[in-house]
Amino acid sequence: MLTMKIIDLRSDTVTKPTPSMLEAMFQAEVGDDVYGEDPTVNALESKIAHIFGKEAAIFCPSGTMTNQIAIRILTQPQEEVICDRMAHIYNYESGGIAANSHISVRLIHSPHGKFTPQDVLDNINPDDIHFPPSSLLALENTVNKGGGCYYNISEIQSITQVGREKGLKTHLDGARIFNALVATGESPSSHGECFDTISVCFSKGLGAPVGSALLGTRELIKKAKRVRKVFGGGMRQAGYLAAAALYAIDNHISRLSEDHQRAKILETEVSKLSYISDVIPAYTNILIFNLKNNINPIDFSAWLKSKGVLANAFGKQSIRMVTHLDFTDDMLENVIQILKQF
Ligand SMILES: *Cc1c(COP(=O)(O)O)cnc(C)c1O
């Protein structure tokens with residue numbers, strides 16, 4: 001029986017390792033990373049730290065873990081982190097900020113999750129015993145919930161500069177930082193200078209099966225190692241996974257521009273459809289569009305699924321489609337034809 005080929009646009013996490021990536025994994029030299037003895041993990045950590053101009057890095061099982069470790073090592077209980085209301089650390093980490101770090105959250109309300117230096121100033125608490133002390137500023141680049149929009153380096157510099165002048169620590173949730181860097185053509189090290197810690201995902205657009213890294217000073221990463229242990233994230237022969245991440249860094253960064261182009265074509269085609277009310281521009285590899293009010297996004301997503309296309313309902317009237325390594329031009333053409341049938 002011929003099975004329908006599923007086109008999966010739910011996320012860029014759905015990719016499977018390519019044959020060459022698998023080969024690199026099979027070839028990996030490994031050791032016990034809890035003892036610091038896995039040469040492939042060590043190579044990955046020093047390579048990714050070097051790329052961003054940071055002293056050290058720590059390989060972790062997920063981006064949620066790297067973000068949560070960063071928040072934990074950069075704050076004390078009772079303090080407050082400032083982030084956008086769209087931030088992944090606030091929306092999609094299952095209340096981890098409260099559970100793991102015992103701090104409160106100040107949400108900035110900005111268009112598409114991209115805020116300004118003034119927003120930061122407006123949300124820093126005065127030194128008064130009624131208020132939690134503002135201590136951490138967290139940015140996301142690209143912004144997942146904001147349709148993959150990104151900050152350029154001058155925006156980041158001015159935001160983090162006002163934060164630092166006010167004594168805030170700075171963390172970047174760079175789950176999709178390479179999408180931003182490919183879109184702007186800017187250097188990773190310029191971002192490295194602006195943040196105390198940076199979280200980078202290998203399992204999103206870069207196409208590795210598992211893993212993220214947290215980057216920072218040697219001293220901070222030493223603290224991070226202890227927190228990773230208490231979170232249960234110390235891994236043993238993790239070099240097999242680190243090899244996939246190293247392969248991804250060497251082979252899958254510049255091709256992200258193809259994902260961006262396909263998302264842009266989808267945006268153009270979706271904009272022409274009569275049942276769409278509006279479309280957030282596909283800044284990078286994420287397309288979010290809103291259905292007209294008479295269409296339920298859950299029903300629409302179920303209809304798409306019946307046609308072999310997976311896309312998540314994403315809030316009130318929205319549908320999100322994410323392009324990635326396993327999404328080809330043929331699939332793009334198919335999706336466009338299917339969308340026209342609704
Ligand atoms: C995916 C993602 C993460 C981390 O997710 P994990 O599934 O835990 O690896 C963090 N931040 C953003 C913006 C993300 O999109």
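Reply: The side chains of Asp 33 and Arg 228 meet in a salt bridge at 3.6 Å, N to O, a salt bridge being a side-chain nitrogen of Lys or Arg within 4 Å of a carboxyl oxygen of Asp or Glu. Asp 33 lies in the loop between helix H1 (19–26) and H2, and Arg 228 in helix H10 (residues 218–230), so the pair ties together parts that are 195 residues apart in sequence. Helices (H or I, at least four residues) and strands (E, at least two) are DSSP runs, numbered from the N terminus.

Me: What should I know about the source and the numbering?

Reply: This is a predicted model, in which local features need pLDDT of at least 70 and side-chain atom pairs count only at pLDDT 80 or more, while totals for chains, interfaces and linings use all residues. Residues are numbered from 1 along each chain as its sequence is written, and side-chain values use heavy atoms, with hydrogens and water left out.

Me: Asp 33 and Arg 228, buried or exposed?

Reply: Both Asp 33 and Arg 228 are buried, where buried means under 20% relative accessible area, exposed over 50% and partly exposed in between (1.4 Å probe, protein chains only).

Me: And what is the nearest side chain of opposite charge to Glu 45?

Reply: That is Arg 228, 4.5 Å away, and Glu 45 is buried yet has no salt bridge; for charge, Lys and Arg count as positive and Asp and Glu as negative, while His and the chain ends are not counted. Glu 45 sits in helix H2 (residues 39–51), and a polar atom of its side chain lies 2.9 Å from the backbone nitrogen of Phe 59.

Me: Which residues does Glu 45 contact, leaving aside neighbours within four places in sequence?

Reply: They are Ala 57, Ile 58, Phe 59 and Arg 228, with contact meaning heavy atoms within 4.5 Å.

Me: Ala 57 again, then. What is its bridge partner in S8?

Reply: Ala 57 is partnered with Leu 215 in S8. Strand S2 (residues 56–60) runs antiparallel to S8 and is joined to it by five bridges, and strand S7 (residues 197–201) also pairs with S8 in the antiparallel sense, over four bridges; strands pair if DSSP finds at least two bridges between them.

Me: How many residues of S8 are buried?

Reply: Five of the five residues in strand S8 (residues 212–216) are buried, with Ser 212, Leu 214 and Gly 216 on one side and Ala 213 and Leu 215 on the other.

Key: Polar contact = N/O pair within 3.5 Å; in protein donor to acceptor, adjacent residues only side chain to side chain.
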